[in-house]
Amino acid sequence: MNLKKITVVFSLLLFLSAQNAFAKRAPTQPNSYDGAAPTARSMAMGEAGAGLAGFSDSYYYNSAMYGYSREGTKAEVSGVIRRQSGASPSRVAEIDGSGSGLTSFIMIKDTGGLIWQALSNNSIRQNYSGGDYLNTETYINSLAIVAGQKNEKGYSMGINMTYLYGKIGESSIIGGYPHSNVGSGNGFALDLSLAVPAGNNVFFGMDLKNIAGFMFWNDYNTEQLPFIFRAGTGYHFKGFLFATDFEKKFYRFGDLQEEYLRFGFEQYINGAICIRMGFVSDDSFDNDTYQYTYGFGLRIRSYELSAAAHQYKINNENFTKYLLSFSALIQ
């Protein structure tokens, strides 16, 4: 490359850097890219899933588990039908930013799948003295290709390749001056995971989420997604299932809880009906961080309807979220 070309490339890099220097941080929350529990089954079990094999929601916890899948083709759709709390709507949106409505659509075929998920759908309002305010609405969704591959030793590796897209809308009156803006963004994320048989009907799993993950906003600085580490075990015997996970989220700003211990179990009463329960805490088992989950599943032939509830406190006020999922197994 001659000196002229080097000068042009260097000038272009300086120009792009200068443009970025005038941008500001996107008004997202630390957990804007986390998403909610992908299905009612996973929510009811305290979102413990890194060590569970053969389930449609494995993409969220450990895609390597698809390497053990024997279900053929399965489709599942989930949505939050209700949220209730005494806390302010803005505070609820900060803690549970995925919102209500349709949250995921999952299509799994053998050891891979295509996933759509709503990561953020919320509105947060900040009020200031003199009637000033700032209102921010955030919508972020993801579309992922996921796969797991088992080797001859029985280990399995998994990968998620995710495309992100979203919009941020801001409106405000500060110092008597009105302002509004709508920005759009696109990005990508890469996850890697591992699953290992650890005994009869026992699996160990580990997931590395957002090893590479960036969101490019047209009116804001580029964001790097938070890295998330998850490891857990699962035991499955006939109609009984037990799982426990440790999760660590490395948020890049804010003061949200980052470490979680998750426990969940599932018990089929007969071939059609099961009950599920879960428990979530931090690593110190602080009473203020306890979360409780529960739900049921109803299976008729190749169809299943699941319901779940998730309860915890936001600003010392009770918060409850209800999720429904419907799945169909296509032979």
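This is a predicted model: local features need pLDDT of at least 70, side-chain atom pairs count only at pLDDT 80 or more; totals for chains, interfaces and linings use all residues.
For the residue classes used here, Ala, Val, Leu, Ile, Met, Phe, Trp, Tyr, Cys and Pro are counted as nonpolar, Asp, Glu, Lys and Arg as charged, and the others, Gly among them, as polar.

A search of the whole structure identified five cavities of 30 Å³ or more. The largest cavity holds about 160 Å³ of space and is lined by 17 residues, with Q117, L119, S142, T162 and K209 closest to its centre. Two or more lining residues are contributed by each of α3 (58–61), β3 (112–127), β4 (133–150), β5 (156–174), β6 (177–199) and β7 (202–217). When the lining of the largest cavity is divided by class, nine residues are nonpolar, five are polar and three are charged.

The largest pocket contains about 910 Å³ of space, and its lining comprises 39 residues, of which I95, Q257, Y260, Q291 and Y312 lie nearest the centre of the pocket. The elements that supply two or more residues to this lining are α4 (89–95), β10 (240–250), β11 (259–268), β13 (291–300), β14 (303–314) and β15 (317–330); the largest share, five residues, is provided by β14. In terms of class, the lining of the largest pocket consists of 13 nonpolar, 14 polar and 12 charged residues.

Conventions. Residues are numbered from 1 along each chain as its sequence is written. Side-chain values use heavy atoms; hydrogens and water are left out. On a 1 Å grid over the protein atoms alone, a cavity is a set of points where a 1.4 Å probe fits but cannot get out, and a pocket is an open set with protein on both sides within 12 Å along at least five of seven lines; lining residues have an atom within 4 Å of a point. Grid points are joined across faces, edges and corners, and a volume is the space filled by probe spheres set on the points. Helices (H or I, at least four residues) and strands (E, at least two) are DSSP runs, numbered from the N terminus.
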